[in-house]
Amino acid sequence: MVSIDEKRYPGRKRPPQSAYEQRYAKGRRTKFLGIRGYVIRPMWLALKSALRATFGSQPDVFYTDKRGPNTLLYPKEKLQLPDLYRGKNEVVWQCCIGCELCARICPNQCIEMEVFEADRVSDMPEELLGPNRSTQDEKKNQIKRPGIDFGRCMFCGNCEEYCPTGAMRMTDEFELANSSRDALVFEAELLRVEPYTLEGEVKLQNKIREIPLVDSDNCTGCQLCMRNCPTRCIEMVDGPKLRKDKPIKNPKVDTSKCVGCATCMSNCKFNALKMEAV
Amino acid sequence: MDIYQVVEAILVWIISGLGDTIITPLFGLLATIIEFFLSLIDGFFDLFGWDTDIVGFFEPLTSFIRDFTEFLLSDTVMSILTALVVGIVILVLVMLQVIIFIYMERKIFGRIGDRRGPKYVGLIDHGFLQQIADALKLFLKEIITPEKSDKMLYHVAPVILISSTLMILAALPFSEGFYISAPKGGILFIMAMFAVAPIAILVGGWASNNKYTLIGGMRSAAMMMSYEIPLLLTIAAVIILAGTFDSIGIVQAQSDFGMWYGIPMILGFIIFMICIVAEVERIPFDLPEAEAELVEGWTTEYGGMRLGLIWLTEYTRMYCGAAIGAILFLGGWSGPTIPVPGLDVISGEIWISVKIYIIILLFIWIRWSLPRVRTDQILHFGWRRLLPLALFNVFIAIGIKILGDMWGWF
Ligand code: SF4
Ligand code: SF4
Ligand code: SF4
């Protein structure tokens, strides 16, 4: 007999069943009827369940083998969370480059960037700074760091996924309940953590896989994009168009460094940049 | 243990002890005061020249007050007082056990349902006081009478239920001496009192003026037809074997027979257990209170402590049913004397409690394992399965009786 799965996805193999699935697939059999199926078997199962709940071991998160009661005594016992659990965010300030990508990507618009004086983080050792040039630049002595309103956050994990530096991380902390909505708004300072380990330079990764494309018809060479790029990957080079017989400088993006944060595009006053998927 | 003797001894000890120190002086003082006022009235009448003897007229009353301790210690008053105290003691003991049953039920249900059961309220972190907290909660609820209900019947129905249940306790012996009363037709009386409850349920369901309660009450009446007859037939088998309607006599007959009746009549015991589950209206036969179908069954419109009392009564009925099962089929309080000083006096009570608790564990286990049956299913089951089997069980009992008479077993 062809199972529904095989009909729907021909040729696809079912993943191996976990111990949990196997147990419950077995439990669903209902071929016993009469006094065996309606009296003896339910009573036996109830007895087994009672014994397991009383003498069994604590449940683990994957409900593999023998386990105890299905409920945890919550404030006293806590569930062992999986590694990828998405709880309250934290931001490693030393890694964050203030690119605003998280604020832009957040589907609930719950991230707000806060502006700080640069020297608040500049007392860290030089080698840990990595590519974080916005903190070192003498002209720009201000930095931006994200703060999150957890009253609106749906813990989708997009911010963690697209953060180019890995500064935004989601922890196991899930006890955020509070009686006032204001207490759910976490300022940037509250999310700040020091790095657990930072090995070498912070690597920049373009996780959103977009880079800006220059429309040289519109570009006036004003250098706004270059000044605001958090990774300083824009260089002004001679463009094809001339003004007063001199070529207009157009931005050229170093695609190995660009993180696709679209700050340049939103800063451009002449609509000369747009983001393109690569 | 003969509870009447013990209680009477304690009462005599207390009253005669108090008599010398409190009761006699106090009532003597009272009599003196009364006499003083009487003599005042007498003096008042003397002013008018009437020669009266009011003090002498009230002499019987004052001497009665003076001799109040002796009045209390007289035979009639003492036996009435003793019966009252015994009744209260047994009622309190049963109610305490009922609280334990509710705790057991919730805890075991939790474990069967893969949970913990009550946990936080109570001693040593096991939720033992949860029942008391819940009772307190019910106690604080407002008592609401539905507007269009039949007011009198609505209030009377729980009274019928509760009082008929307490009447069972009045005739239920827990050992040769531990009972409120042990009439000769005890088992008959107990079964009659058990059978009153469906009437209370029907009345309560009808008086609440609600579709669900009415259906619940009707179901109770319909169900009664199917389980009551096999139940009485199994009891008839036991009575044929024992030759008496007396609970104490039945237990005595079992120890003369040398075997619990539940062993030769295992069929009867199983039928009895099924029917008694139906009698005390627990899953799988809780049709009148099918909370999945009928909100809360016939108790839908009841609230507050009245509902709490109805629940308590249901557990008391469960206790009585288990006790009758233990007496009829499991040898009641017969068992070896426990060789521990202090416990050997009450070993009979301990044995019957052990048997009752085992039967109640079985009740709880059944309740949380089996699905509820439908009305037609229980009628079908009762008339076409249980009734013939119960009749067969009667024949077994008659056979054992005849053979026993022939070969001199008894
Ligand atoms: S995406 Fe990452 S690096 Fe960019 S501002 Fe947010 S946390 Fe900082
Ligand atoms: S987890 Fe999702 S909703 Fe919450 S801040 Fe991050 S992107 Fe926004
Ligand atoms: S070039 Fe534009 S998109 Fe790329 S990192 Fe700089 S500001 Fe962001």
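In these legends Ala, Val, Leu, Ile, Met, Phe, Trp, Tyr, Cys and Pro count as nonpolar, Asp, Glu, Lys and Arg as charged, and the others, Gly among them, as polar. The model is predicted: local features need pLDDT of at least 70 and side-chain atom pairs count only at pLDDT 80 or more, while totals for chains, interfaces and linings use all residues. Residues are numbered from 1 along each chain as its sequence is written, chains are lettered from A and ligands numbered from 1 in the order in which they are written, and side-chain values use heavy atoms, with hydrogens and water left out.

**View 1. The shell around ligand 2.** A residue is near a molecule or strand if one of its heavy atoms lies within 4 Å of it. Around ligand 2 are Cys106(A), Pro107(A), Cys110(A), Ile111(A), Cys153(A), Met154(A), Phe155(A), Cys156(A), Gly157(A), Asn158(A), Cys159(A) and Met170(A). By class, this shell has 10 nonpolar, 2 polar and no charged residues.

**View 2. The shell around ligand 1.** The residues surrounding ligand 1 include Cys96(A), Cys99(A), Glu100(A), Cys102(A) and Cys163(A). The shell divides into 9 nonpolar, 2 polar and 1 charged. Glu100(A) has a phi near 70°, a positive value in a residue other than glycine. Glu100(A) sits in the loop between strand E1 (89-92) and helix H4 (101-105) of chain A; helices (H or I, at least four residues) and strands (E, at least two) are DSSP runs, numbered from the N terminus.

**View 3. The shell around ligand 3.** Of the 14 residues that surround ligand 3, the closest are Cys229(A), Cys258(A), Cys261(A), Ala262(A) and Cys264(A). The classes here are 11 nonpolar, 3 polar and no charged.

View 4. Strands of a sheet pair through backbone hydrogen bonds, either parallel or antiparallel. Two strands pair if DSSP finds at least two bridges between them. One open sheet has 3 strands in the order E2-E3-E5, with antiparallel pairing. Its edge strands, E2 (111-117) and E5 (185-186) of chain A, each pair on one side only. Strand E3 (residues 142-149) of chain A is joined to E5(A) by 2 bridges, and Ile148(A) stands opposite Phe186(A) in E5(A). The other open sheet has 3 strands in the order E4-E1-E6, and the pairing is mixed. The edge strands there are E4 (168-170) and E6 (192-193) of chain A. E1(A) and E6(A) pair in the parallel sense over 2 bridges, with Val91(A) opposite Arg192(A) in E6(A).

**View 5. Two crossing helices of chain B.** The axes of helix H5 (residues 75-112) and helix H13 (residues 304-329) of chain B come within 9 Å and cross at roughly 100°. Axes are lines fitted to C-alpha atoms, for helices over the stretch in contact, and angles run from 0 to 180 degrees between N-to-C directions. H5(B) and H13(B) are therefore roughly perpendicular to each other (angles under 35 degrees count as roughly parallel, over 145 as roughly antiparallel, 65 to 115 as roughly perpendicular and the rest as oblique). Among the contact residues are Phe101(B) of H5(B) and Tyr315(B) of H13(B), contact meaning heavy atoms within 4.5 Å.

**View 6. A cis peptide bond in chain B.** The peptide bond from Ile283(B) to Pro284(B) is cis, with omega near 10°. Pro284(B) lies in the loop between helix H12 (266-279) and H13 of chain B.
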